[in-house]
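Work through the two exercises below with the sequence and the model at hand. Each task sentence is followed by a solution in steps.

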Amino acid sequence: MKRPKLIVILGPPGVGKTNPRKSLVHIGFAEIEASRAIKEVCKRNHFVDAQVKRWKQHAKPGDLLGDDIMAVIFDDALDQISKNVNLVIDGFPRTPLQVDYFFDIMAHLRYDIRWVFLNVSDEELAKRVEGRRSLESRPDDAPEVHLDRIRIWRANEHAVREAII
């Protein structure tokens, strides 16, 4: 039996992960998109919802949810996906510890995993997000928040790649 494909798309905020994810969904891939998964899991799981709300009280815009709660969210989101289907993931894992959780969770599944790292300069990211901001109203696209999100990605980027390899 042929193993289903799992494509994980990673990169800084605003790099363009959404378009390839949508293209793969269009040809039949199931999807997990991190920010949407957080919202959906919070609707189903009151414990996770309470933890996310508590985190929001202390976090500043652009901060990442803790690794432990993201592992729970990812595991829950993965449980909602039919087994043996091609899958694309956008936005998880974002830290080395999340990479460890990813491999622990995926160990018993038989996916053919491929990693896609997208990257452009920080200046190009700022231009792209400014364009997106003119079309959508996303709080995480505010200039100061976006700069923090880029800083957080850049701080973890090398270690994430190392953890994957």
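**Exercise 1: the largest pocket**

In this predicted model, 46 residues line the largest pocket, and those nearest its centre are Ser 35, Arg 94, Arg 138, Asp 140 and Arg 149. Task: state the volume of the largest pocket, then describe its lining by helix and by class.

Solution. 

1. The volume of the largest pocket is about 1500 Å³.
2. Next, the helices. At least two lining residues each come from helix H1 (18-26), H2, helix H3 (46-58), helix H6 (122-135) and helix H7 (143-164).
3. Of the contributions to this lining, the largest share is that of H2, with six residues.
4. Sorted by class, the lining of the largest pocket comprises 19 charged, 17 nonpolar and 10 polar residues.

**Exercise 2: the largest cavity**

Task: find how many cavities of 30 Å³ or more the structure holds, and describe the lining of the largest cavity.

Solution. 

1. Applying the cut-off of 30 Å³ or more leaves one cavity.
2. The largest share, four residues, belongs to H4.
3. Which classes are present? The lining of the largest cavity has eight nonpolar residues, with no polar and no charged ones.

Conventions:
Residues are numbered from 1 along each chain as its sequence is written. This is a predicted model: local features need pLDDT of at least 70, side-chain atom pairs count only at pLDDT 80 or more; totals for chains, interfaces and linings use all residues. Side-chain values use heavy atoms; hydrogens and water are left out. On a 1 Å grid over the protein atoms alone, a cavity is a set of points where a 1.4 Å probe fits but cannot get out, and a pocket is an open set with protein on both sides within 12 Å along at least five of seven lines; lining residues have an atom within 4 Å of a point. Grid points are joined across faces, edges and corners, and a volume is the space filled by probe spheres set on the points. Ala, Val, Leu, Ile, Met, Phe, Trp, Tyr, Cys and Pro count as nonpolar, Asp, Glu, Lys and Arg as charged, and the others, Gly among them, as polar.
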